[in-house]
Every structure is written in structure tokens, then in C-alpha cells.
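Let's take a friendly walk through a protein model together. Keep the picture open beside you as you read.

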Amino acid sequence: MRKIAVNAVRQPANLSIDSKLMKEAKGLDVNVSRAAEAGIAEAVAAEKTRLWKLENRATIDAWNEYVEKHGIRWQNIGNSDGALRRLRE
């Protein structure tokens, strides 16, 4: 999870949030602004990851194909079962 800078310049935003959730958050003293910021940061990171995987899919697939065909020289070093971790799941 991304660490949110306390002293970052913040921009006001208008959000529509479920009223029951908002009431519960206030009752639990949740800092709604920081919670929303953390959620948005997580969504941005997930989307960046998704886009990176799409943009690099051909290279990742080519690498995985090469490894399946040729293996990697060091795949059994320090790995008792010889399992190979793939770049893309």
C-alpha cells in the first residue's frame, strides 16, 4: 500500500458516499478524507499495474515461452523442487 504524504498539497473534492457508510465511519472516527485518498491511490496503482501488463504482454509472453522451451540456467539453484516462478500468472 502506498504511503500517503501528510504534508502533500491537497485539492478539495466533492464525493458522493453511501450515507450509512459515512455515518459508520464518523462513528468510528475514521478520517474519511484520508480513507478516500488511500482508496483512490490503491485504485490508481492497480490501474497502472493493469496497463503495464497490457503494454508488456508480448514481451512477457515471449520470455515465458523462451523459459518453457529452454529453461533457465539457474532455475534449480536453491530450489529443491525445481519449480519455476512465471512472470505472469
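Which side chains meet in a salt bridge with an N to O distance of 3.0 Å? They are those of Arg10 and Glu37. Keep in mind that you are looking at a predicted model.

Now find the two partners along the chain.

Glu37 has another partner to look for. Arg34 also forms a salt bridge with Glu37, and here the closest N and O atoms are 3.9 Å apart. Both of these residues sit in helix H2, three residues apart, which is about one turn of the helix. Arg34 is partly exposed, with a relative accessible area of 32%. Put together, Arg10, Arg34 and Glu37 are linked in a network of salt bridges.

Next, move along helix H2 to Arg50 and Glu47, which are three residues apart, again about one turn of the helix. Their side chains meet in a salt bridge at 2.7 Å, N to O. Arg50 is partly exposed at 42% relative accessibility, and so is Glu47 at 33%.

Finally, turn to a nonpolar stretch of the surface. Leu15, Ile17 and Leu21 form a patch there, with about 270 Å² of accessible area together. Of these, Leu15 lies in the segment before helix H1 (19-27).

Key. Residues numbered from 1 in each chain as written. Predicted model: local features only at pLDDT ≥ 70, side-chain atom pairs only at ≥ 80, totals over all residues. Heavy atoms only, no water. Patch = residues over 30% accessible without salt bridge, like charges linked within 9 Å, V, L, I, M, F, W, Y side chains within 5 Å. Areas by Shrake-Rupley, 256 points an atom, 1.4 Å probe, with all protein chains shown as cover. Salt bridge = Lys/Arg side-chain N within 4 Å of Asp/Glu carboxyl O. Helix = DSSP H or I, 4+ residues; strand = E, 2+ residues; numbered from the N terminus. Buried < 20%, exposed > 50% of the residue type's maximum accessible area, 1.4 Å probe, protein only.
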